[in-house]
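Colleague: Please take a close look at one part of this model for me, a piece of strand pairing. Then set that part in its surroundings.

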Amino acid sequence: MCGIAGLIHKTGGSADVGAELTAMLQALKHRGPDSTGFGLYGDSHPNSYVARVKFAEEADMAQDHDIGERIAERKRATDAHLDRIGARVVAATAATPYAYRYELDYNGDLRELADELESVDGTEILSIGRALELVKDLGDAQAVAGKYGLDSFTGTHAIGHTRMATESDVDISSAHPYWAYPFSDISVVHNGQLTNYWTKRRALERTGHRFMSSCDSELIAVYIADRLTRGDALEEALERSISELDGVFTYVVATADALGMAKDLMAAKPMVLCETDDFVALGSEEVAIRRLFNEEIDTFDPYEGEVLVWRT
Amino acid sequence: MANVDTDKRSHEMGLHEERLAGRTQQVFFEPARDDVERFTYPDAYPVDLDKATEFDAAEMEPTEANRRIRELMAAGFGTITVRNPGAKHSLGVGILNRLNLYFDGSLGYFGAGSIDGPNVRIAGRVGWSCAENMMAGTVVIEKNAGSSFGAALRGGDLVAKGDVGARTGINQKGGSIIIGGRTGAFSGFMMQRGRMVVLGDAGDNLGDTMYDGIIYVGGEIKGLGVDAVHGEMTDLDCEWLRRKLDLYGLEAPNGIENMKKIVAGRQLWNYDNLEPTEKKLIL
């Protein structure tokens, strides 16, 4: 089933998007209690990147007696790789014993940076961005937000996901959102199934794209990133996806300065939306949006084949 | 007590003679049995519609709120207002009783589902599958509604004054669905009986594989589904529409006479002796 949510403060400025998204996702816990993911967009840093990296799964911590030493080895190797390509580590903070937040001073090629990070066995990039920070872990929204200190995260917009595992394991690698490797600041959350996943994936791989998982949601992120690099505006990329992606889906995509959503022609997956002059909140169920408002609000369902985009 | 003149008029209008389909599926309503069919459930609460009360559902789980409604009915209250429903799911479901039930806000999914008898008024919006399998009574929503609005509706009036989502009245088996705004794709999908009124636009695949029933549309139709065809508006259609819209304070933007009428083409009916291959030849 899964639950998806998003919000954007259209006038820019810094708002408590971490706390807001936590409240929305907690209301959607019943749609997916296995894991929760946050794609948060904070202040943009033109000359540096924030990378969210994990060196192990949460389950490894209880099952592997040597995991502490393995994580330390992986981090040392990762730091060495970063040093080799000239990426200066401004700060490296352990959000959990197995997940780190890197602030990197780097002006080189992003794909090279991503490849270097991922060349260390057991290391996985959750996101790299100038504004995006992607956090996902097992448990509900409050548990994950508490573990990573997301309640105090400020920014302009955010997307999130509560996952009910159906076709892959309950682990961090299978949790949403997905980052569009190796394009900075593009993330996707998705509710549905793509039926032409392999066809589209092979087509994208033939053009040089790489996939970090076998999840169809990642395909949407890479597909959108691919269209944007070909010159499409975000609206155009989303509209094109309606005809080129088969299946039933509603997804939310975020870039450094925009939030968008698309719904397939069958309209089989839910989405409820509330828009005011300066704010938009959307989610799989209205109960999520209601967590942000005390007053009565007007909401609506986007229609089949509908694409909507908002910018900060 | 039934109004004799009204009943007579409704019979003249043919409202008691809807025929489902084919050779063996005709259903006739017997006027003499109307009173019998308007039965009261054996364990129904003897409520007084003039006895009113309210409660606040802000801090309640849906089960708790629904239990509270039953407790109040058991205490004889026939008019209940629920404050702060907060778009919670499954509120007001399974009520098989005479009751005036007001929600001072919005409902989530499956609101007022499987009801038989109450008059429900919702000041806000409803989520997916509102009034699913409703048997009798009225449900009136002041704002928008989500998808699968009135799925498998069997009787009563279901009204949304705003826009509604996709698959409205999917598998509708009776009653009336009235929409003040537009409706999404696949509305009236596999409709079997009853009437649907859309005052605004209708999405693609309207009335797809409908068996029977009537869909009236006041705006544009993006596309008809398989075996859905245009029918001819009659005086009876207009009279019925005028009466229903008046009841709920709605108006057809371009006039009732200019509404489109969609019915089953009846080419997909399988109530004959044709084998599927022969059916293909005909179609």
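Modeller: Start at B:Leu101, which stands opposite B:Val120 in β4(B). This is a predicted model, in which local features need pLDDT of at least 70, side-chain atom pairs count only at pLDDT 80 or more, and totals for chains, interfaces and linings use all residues. Residues are numbered from 1 along each chain as its sequence is written, while chains are lettered from A and ligands numbered from 1 in the order in which they are written.

Now the strands around that pair. Strand β3 (residues 100-104) of chain B runs parallel to strand β4 (residues 116-122) of chain B, and four bridges join them. Strands count as paired once DSSP finds at least two bridges between them. The elements themselves are DSSP runs, numbered from the N terminus: helices are H or I with at least four residues, strands are E with at least two.

On to the next strand. β4(B) is also joined to strand β5 (residues 136-141) of chain B, by five bridges, and these two run parallel.

Widen the view to the chain. Chain B has five helices and eleven strands. Of its 283 residues, 44% are buried. Buried means 20 or more other C-beta atoms within 10 Å of the residue's own; exposed means 12 or fewer, partly exposed lies in between, and C-beta atoms are placed from the backbone. Contacts need C-beta atoms, placed from the backbone, within 7 Å. Among contacts in chain B between residues at least 6 apart in sequence, 29% join residues at least 24 apart.

Next, confidence. pLDDT is the predictor's confidence in each residue, from 0 to 100. Chain B has a mean of 87, with 81% of its residues at 70 or more. The model scores ipTM 0.85 and pTM 0.87.

Then the partner chain. In the interface, 14 residues of chain A are in contact with 21 residues of chain B. Helix α9 (residues 286-290) of chain A gives the most to chain A's side, with three residues. That side has six nonpolar, one polar and seven charged residues. The classes: Ala, Val, Leu, Ile, Met, Phe, Trp, Tyr, Cys and Pro are nonpolar; Asp, Glu, Lys and Arg are charged; the others, Gly among them, are polar.

Chain A also has a strand pair to set beside yours. Strand β4 (residues 88-96) of chain A and strand β5 (residues 99-105) of chain A run antiparallel, joined by seven bridges. They form a hairpin with two residues between them. A:Val89 stands opposite A:Leu104 in β5(A).

One helix to finish. In helix α8 (residues 234-244) of chain A, the buried residues are A:Leu234, A:Ala237, A:Leu238 and A:Ser241. Down the axis of α8(A), they fall within an arc of 95 degrees, so they line one face of the helix. The arc is taken from the directions from the helix axis to the C-beta atoms. These buried residues pack against α7 (216-229), β11 (247-255), β12 (258-263) and β15 (307-311) of chain A.

Technical notes. Contact = placed C-beta atoms within 7 Å.
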